[in-house]
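Student: Could we go through this model together, a piece at a time? I would like to ask as we go.

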Amino acid sequence: MTALLHNVSGPGSTAVLLPITDSPFNLTTATQAGPGSSHSLAPLCTLCCCGFVNRTLAVVFMVSLAFAIVVGNVVTLTVFVQTRQSRTPQGYLKVSLAIADMMVGVLVVPFSVYTEISLMVTSSLPIWYQGSSTSLDSSSLGGIVSPWQPCLLIGPVFAGCTFVSISTIFLMTLERSVAILWPLQKDALVTRRRTLLLILLSWGASFLLALAPLIFSSNFILEYNECSRMCNYTPLLLGGQLPPDANILLLFPTFDFTLLGGTLVVNILSFTSIRRYSRKRKLLSEGSLSDGGGGGGVGGCPHRPSFSDIKAAKTIGILTFAFTASFSPIAVFVLGNVVGYTWCNFSFVAFWILTGNSCCNVIIYSVWDHRFRKGVTLLFKRDHSPPHGEKS
């Protein structure tokens, strides 16, 4: 996801970030910017972003989170790839979700760790940060080409993986709803080929949306935000005002909450069917409801969901709740920034709560998915089993 920082440029200097509300740093430039000029860190900063101890704690937290994300999703991918029972449409969707989370742990978080360590060691911004505002300054600097901005890669990766996660959860919900509402037609409607095609479409659409502010507007750049410790979109001020197309960032929360709302509706339909089936099964066990003489299911319901389908639906419902809870602070932050507020402390909490969601899925699987637990057990026991030639 993205945040906003007010940005303005002046003649003969690179862009200047204006300190508003509780922005942690006032990034200023030399009077005459040139190839050797550099940003300097002013003493204005907040508690969460200033001081060697606070930065050290932040780096320790980031490293621990990256380790948890990578290890957890490596286990998830290994279980779903090597377990034959997991080679289903639902298993493919879970693999897609794990890959998106893995990319966050391998690219996004380590980049923030590298940048924070560089700031602690050198007390100055990296050279690539100094040249991030090339769109405004190339003419004033005599045509000098600035260094490549790594945030052009890291920012869209984080946003794209976020969109992939919510779109994959939506597809998982649809797949489970078909299994619960129309169990007899499940194999015909939900095939591996259709699932793989939908996964590819979700990845393509998600990363296209992540690049939308750069594709459809020339008033945004990607910079490393000292508040959130993430690569975020930054609008270029026009006459001291936000550009007229700054609302394009509202596409992000609109997309996510639209899919989350659809996921919620589908979950309600699925759980309503599950509750109706459970109530009939309870009445039948108490003798209050006859089987209808047809033998076609509980309480005359010929299309009853299986126990594994019910458990899978509950697991996906928990995944949806966890993602909604982790994304909501980001949505509030983006809406506030479009209005004109910059919340430094809140932005750090919001962005890293969303990042921490990348290591939550393996925990949810371990608690609620008995097939996943069994796969993990077989995975770790397999290394201790003797070779086939020695079993006799």
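**Buried faces and charged pairs**

Tutor: In helix α11, the residues Cys344, Ser347, Phe348, Ala350, Phe351, Trp352, Leu354, Thr355 and Gly356 are buried, where buried means under 20% relative accessible area, exposed over 50% and partly exposed in between, with a 1.4 Å probe and protein chains only. Please keep in mind that this is a predicted model, in which local features need pLDDT of at least 70 and side-chain atom pairs count only at pLDDT 80 or more, while totals for chains, interfaces and linings use all residues. Residues are numbered from 1 along each chain as its sequence is written, and side-chain values use heavy atoms, with hydrogens and water left out.

Student: How many residues does α11 have, and how far does it reach?

Tutor: Helix α11 covers residues 344-356, which is 13 residues, and it reaches 18 Å from its first C-alpha to its last, close to the 18 Å expected at 1.5 Å a residue. The expected span is 1.5 Å times one less than the number of residues in the helix, and helices (H or I, at least four residues) and strands (E, at least two) are DSSP runs, numbered from the N terminus.

Student: And α2, what is its reach?

Tutor: Helix α2 runs over residues 89-122, has 34 residues and reaches 49 Å between its first and last C-alpha, close to the 50 Å expected.

Student: Where is the kink in α2 centred?

Tutor: The kink is centred on glycine 105 and amounts to about 30°, the bend at a residue being the angle between axes fitted to the seven residues ending there and the seven starting there. After α2 comes serine 123, whose phi is positive, near 60°. For background, most residues other than glycine have a negative phi.

Student: Which side chain meets glutamate 116 at 2.4 Å?

Tutor: That is arginine 55, whose side chain forms a salt bridge with glutamate 116 at 2.4 Å, N to O; a salt bridge here is a side-chain nitrogen of Lys or Arg within 4 Å of a carboxyl oxygen of Asp or Glu. Glutamate 116 lies in helix α2 and arginine 55 in helix α1 (residues 52-82), so the pair ties together parts that are 61 residues apart in sequence.

Student: Is glutamate 116 buried or exposed?

Tutor: Glutamate 116 counts as buried because its relative accessibility is 0%, and arginine 55, at 7%, counts as buried too.

Student: What about arginine 229, where is it found?

Tutor: Arginine 229 is found in the loop between β5 and β6, and its side chain meets that of glutamate 116 in a salt bridge of 3.7 Å, N to O. This pair links distant parts of the chain, with arginine 229 in that loop and glutamate 116 in helix α2, 113 residues apart. Arginine 229 has a relative accessibility of 0% and therefore counts as buried, and its phi is positive, about 60°, although it is not a glycine.

Student: How many salt bridges does the count come to?

Tutor: The count comes to four salt bridges. One of them joins the side chains of arginine 176 and glutamate 175 at 2.6 Å, N to O. Salt bridges that share partners join Arg55, Glu116, Glu226 and Arg229 into one network.

Student: Changing topic, where does UniProt put the transmembrane regions?

Tutor: The unreviewed UniProt entry places the feature "transmembrane region" at residues 57-80, 92-114, 153-174, 195-216, 248-272, 316-343 and 349-368; the positions are given in the numbering used here, feature names are shortened, and annotations may be inferred rather than shown by experiment. In the model, residues 153-174 are 100% helix and 0% strand, with end C-alpha atoms 31 Å apart, whereas residues 349-368 are 80% helix and 0% strand, with end C-alpha atoms 28 Å apart.

Student: Is phenylalanine 216 buried or exposed?

Tutor: Phenylalanine 216 counts as exposed because its relative accessibility is 60%, and its place is in the loop between α8 (212-215) and β5 (220-225).

Student: And leucine 249, which loop holds it?

Tutor: Leucine 249 is in the loop between β6 (230-235) and α9 (251-285), and at 1% relative accessibility it counts as buried. Its C-alpha is 9.9 Å from that of proline 235, a residue 14 positions away in sequence.
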